[in-house]
Amino acid sequence: MSRLRDVPEDPVDRTRLPVDEWRLVEARPNGDLGLMETLFATANGYLGMRGTPSEGRDADQHGTYLNGFHETWKIHHAESAFGFAETGQTIVTVPDATVMKLYVDDEPLLLSIADLLEYERWIDFREGVLRRELIWRTPAGKRVRVRTSRMVSFTQRHLALMEMEVEMLDGSAPIAVSSQIINRQDASDDYGTGGRRGSAITDKDDPRQTTAFTHRVLEPQQDWHSERRMLLGYRVANSGMTLAIGADHQVESEAEVDQMISTSPDQGRHITRCLLTSGQKLTIRKAVSYHSSRSVPNRELFDRCRRTLDRIREEGFALHYEEQRRYLAAFWERSDVQLPGQPAAQQAVRWSLFQLAQASARSDQWGIPAKGLTGSGYEGHYFWDTEVYVVPFLTFTSPQWARNALRFRTNLLPKARERAREMNQRGALFPWRTINGDEASAYYAAGTAQYHIDADVAYAFAQYSDVTGDVEFARKDGAEVLAETARLWADLGFWRVMADGSASFHIHGVTGPDEYTTVVNNNLFTNVMARHNLRRAARAVRELQAEDPIGYELLRAEIDLDEMEIEQWEACADGMFIAKDETHGIHLQEDRFLEREVWDISATPDDAFPLLLNFHPLVIYRFQVLKQADVVLALFLRGSEFTAEEKRADFEYYDPITTGDSSLSAVVQSIMAAEVGHQKAALDYFRAGLFVDLGNLHRNTGDGVHIASAGGVWNALVHGFGGMRHEDGEISFDPRLPADWPELTFPLTVRGCRFRVRLLREEITFTLEDGSEIDVAVRGERVTVTSAGTTVPLADQGPVLDDSVLLRPAGLGHERADGSIVTSSVPSDPDDPWEYPIHPEQDEELTGDGASSTS
């Protein structure tokens with residue numbers, strides 16, 4: 001049984017993070033700092049700020065990030081070879097403008113030692129503002145109320161607004177607030193933190209963490225200040241990217257106030273001083289603007305910062321708070337998934353959806369990093385996660401955001417073509433992990449070999465076109481991307497002819513989503529998705545030829561397309577080899593998968609997970625053991641190509657040998673468990689995905705939010721329990737509402753029409769909210785969605801199977817084609833002299849009961 005099914009119903013520490021359906025609330029400070037900084041991060045897809053305290057201390061990892069703003073560095077391979085990735089890319093920590101240090105009676109407010117009479121920090125998902133309110137009893141016994149707020153604007157993507165209000169509740173005291181901009185990437189603050197030539201993470205034993213630099217990254221170009229404004233400018237040493245940051249301050253108080261401002265190459269400082277008496281307040285409003293470019297000079301970026309700050313000076317903060325609320329109200333209207341009667345799950349769902357908005361809303365044709373802009377994990381890189389886990393949510397709720405995300409891939413086509421040529425292939429090969437379009441994965445077996453990223457990108461393009469009906473995008477961007485990725489598959493694979501004259505199309509030397517089984521032949525996920533890619537490319541080009549002849553001729557000229565290629569794509573798709581083992585009745589994850597013995601997950605100590613941090617890759621590769629769903633993911637994404645019986649057999653075989661070491665796995669396992677009928681397992685896996693960050697289940701949330709898992713939460717709710725599927729734009733439902741759930745409600749936007757789905761145990765109702773009427777299918781029955789509402793009775797919520805079959809790998813004890821028996825074990829402990837292979841007959845003698853301990 002997968003470890004992921006052991007997650008408690010609510011694994012969150014509710015003494016610290018109480019349940020609130022619309023807010024994430026911290027009831028007391030000084031918990032896991034890294035975790036809280038991630039959970040309370042604010043971002044908009046371009047700009048992100050970790051949830052560090054306004055005082056700047058205590059903190060685990062300070063971090064302010066701009067999407068795509070990175071440094072490059074040469075990858076040093078111990079033993080290099082042709083085609084290995086050469087240029088590493090790492091997101092840069094840009095200067096931190098969140099700091100507003102408070103001193104009362106010259107004593108600093110420091111949460112770790114402060115005598116706090118009251119404390120609450122929260123972010124309301126409907127307003128998108130991080131707020132904190134506390135009452136501090138100073139060492140002199142005076143009570144001071146401190147209110148702070150921080151907002152990263154969705155409507156003005158270069159803007160962040162911060163406020164601090166200090167109120168004396170009794171007595172009087174001198175007050176000082178030092179509001180700063182600090183280049184923590186290269187310089188130290190007043191307490192010596194920062195200046196570590198890179199991220200706070202220096203331990204690279206974990207490949208999921210980021211790289212520290214040994215050189216100065218942000219080279220100062222200019223600093224300037226006036227009475228109210230300060231500006232700092234930088235150029236990144238190797239990548240050449242440029243940056244400007246500016247801040248304005250507005251101060252209000254009944255007391256007389258002194259202000260001082262200064263700048264230096266690595267710091268800007270605005271000091272406010274006054275004497276407050278009982279009942280008096282000091283309010284400081286800080287507007288901050290970040291602008292970046294691949295090469296624009298700093299003087300131009302300074303002007304951009306000035307224009308942004310000038311608008312805020314003229315319009316005030318209140319207008320932008322209101323615009324933020326309206327922006328998010330529209331987001332929730334088209335995105336909110338409701339779980340009545342389940343407040344803890346409801347909070348977690350809304351937090352997950354809010355993270356998706358923070359990661360993608362204003363990415364504006366940059367990619368969507370694996371951690372969003374909440375941390376430096378995975379070095380700020382973009383992966384296949386975007387197309388498979390995040391873009392589906394955007395496509396069905398915020399199509400413009402999805403379009404922007406896909407435009408990023410279109411813009412990478414020139415470099416993808418270069419990479420394909422470097423790998424001796426035609427067409428385009430998208431990098432496995434990247435920021436600037438260059439392949440940045442130094443470990444090719446679990447990086448470049450994952451050619452399936454091409455098919456994942458193609459899948460997202462096809463899905464977007466089908467669901468949105470965006471013909472212009474399909475013709476201008478979609479056809480070119482589909483054609484260039486199809487070319488790669490037609491060139492990468494080869495035909496194998498049998499003695500009887502039959503032939504099949506094979507793809508060798510690739511890695512599927514499961515990174516514990518690498519560089520294999522005929523990975524099922526890769527072959528199934530490549531087949532879909534080839535067919536959709538042929539269809540897209542033929543439709544372009546028929547409906548837009550001029551566009552077709554432009555495409556032919558642009559990519560030198562030969563009409564014979566289209567027939568070749570169709571032939572490759574039709575001949576694609578899909579391996580199936582009749583003994584086990586399952587599809588093979590790859591040609592030789594069953595030749596391996598099974599890794600005994602149940603006998604593996606908890607501290608040995610994730611396996612990738614505790615075993616050499618070669619040890620892992622020798623076993624049947626999965627990092628994440630592979631075949632099972634193919635069953636979901638291309639479900640129409642498999643029978644119900646095949647899906648059940650495949651799920652029951654692969655599920656027990658899936659470790660779930662990847663946060664991407666649980667949500668997919670939930671979806672397919674629900675479909676085949678393992679409904680308790682579906683709910684268990686859903687919880688594992690839902691609370692992966694709020695419960696810190698993988699113990700690395702401090703590095704940033706698992707954005708793909710957040711997207712997977714929506715997929716599990718809508719596709720898993722809601723039973724929604726789409727094929728060529730046709731929407732259908734076969735629901736699987738969990739037994740103890742009274743209701744599930746969610747909106748969908750399809751071809752400009754938004755409708756709401758309300759699922760009860762005995763019926764499903766569709767109500768049109770915007771746009772024209774649309775047809776959907778419920779278990780084969782076609783119905784029309786109208787504004788009056790359309791209700792379809794449900795006889796049940798699908799089959800319910802016994803989960804006990806998932807406790808033990810299904811293949812154990814089975815006979816292979818060569819007559820050998822499938823066994824399971826755990827890699828030997830080198831410190832145990834008795835742990836070495838034993839002949840089965842000796843094993844029976846040692847156990848004394850005739851039973852084989854290896855099976």
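Strand β7 (residues 100–104) and β13 run antiparallel, joined by 5 bridges. Strands here are DSSP runs of E of at least two residues, helices are runs of H or I of at least four, and both are numbered from the N terminus. Two strands count as paired if DSSP finds at least two bridges between them.

Before going on, the basis. This is a predicted model, in which local features need pLDDT of at least 70 and side-chain atom pairs count only at pLDDT 80 or more, while totals for chains, interfaces and linings use all residues. Residues are numbered from 1 along each chain as its sequence is written, and side-chain values use heavy atoms, with hydrogens and water left out.

Back to the sheet. Tyr103 has Ala176 of β13 as its bridge partner. β13 also pairs with strand β18 (residues 267–276), antiparallel, over 10 bridges; there Val177 is partnered by Thr272 of β18. β18 in turn pairs with β17 over 8 bridges, again antiparallel, and Ser264 stands opposite Gln267 in β18.

Put together, 5 strands make an open antiparallel sheet in the order β8-β7-β13-β18-β17. The edges are β8 (107–108) and β17 (257–264); each has a single partner strand, so one side of each lacks a neighbour in the sheet.

How many residues of β13 are buried? In strand β13 (residues 173–182), 9 of the 10 are buried, so the strand is largely enclosed by the rest of the structure. Buried means under 20% relative accessible area, with a 1.4 Å probe and protein chains only.

Now the helices. The axes of α3 (residues 317–335) and α4 (residues 343–360) come within 12 Å and cross at roughly 120°. Axes are lines fitted to C-alpha atoms over the stretch in contact, and angles run from 0 to 180 degrees between N-to-C directions. α3 and α4 are therefore oblique to each other; oblique is what remains after under 35 degrees (roughly parallel), over 145 (roughly antiparallel) and 65 to 115 (roughly perpendicular). The contact, meaning heavy atoms within 4.5 Å, includes Leu328 and Trp332 of α3 and Leu353 and Phe354 of α4.

The second pair is α8 (residues 452–468) and α9 (residues 471–492), packed at an angle of about 155° with axes 10 Å apart. That makes α8 roughly antiparallel to α9. Among the residues in contact are Phe461 and Tyr464 of α8, and Val481 and Trp489 of α9.

Note on methods:
Buried < 20%, exposed > 50% of the residue type's maximum accessible area, 1.4 Å probe, protein only.
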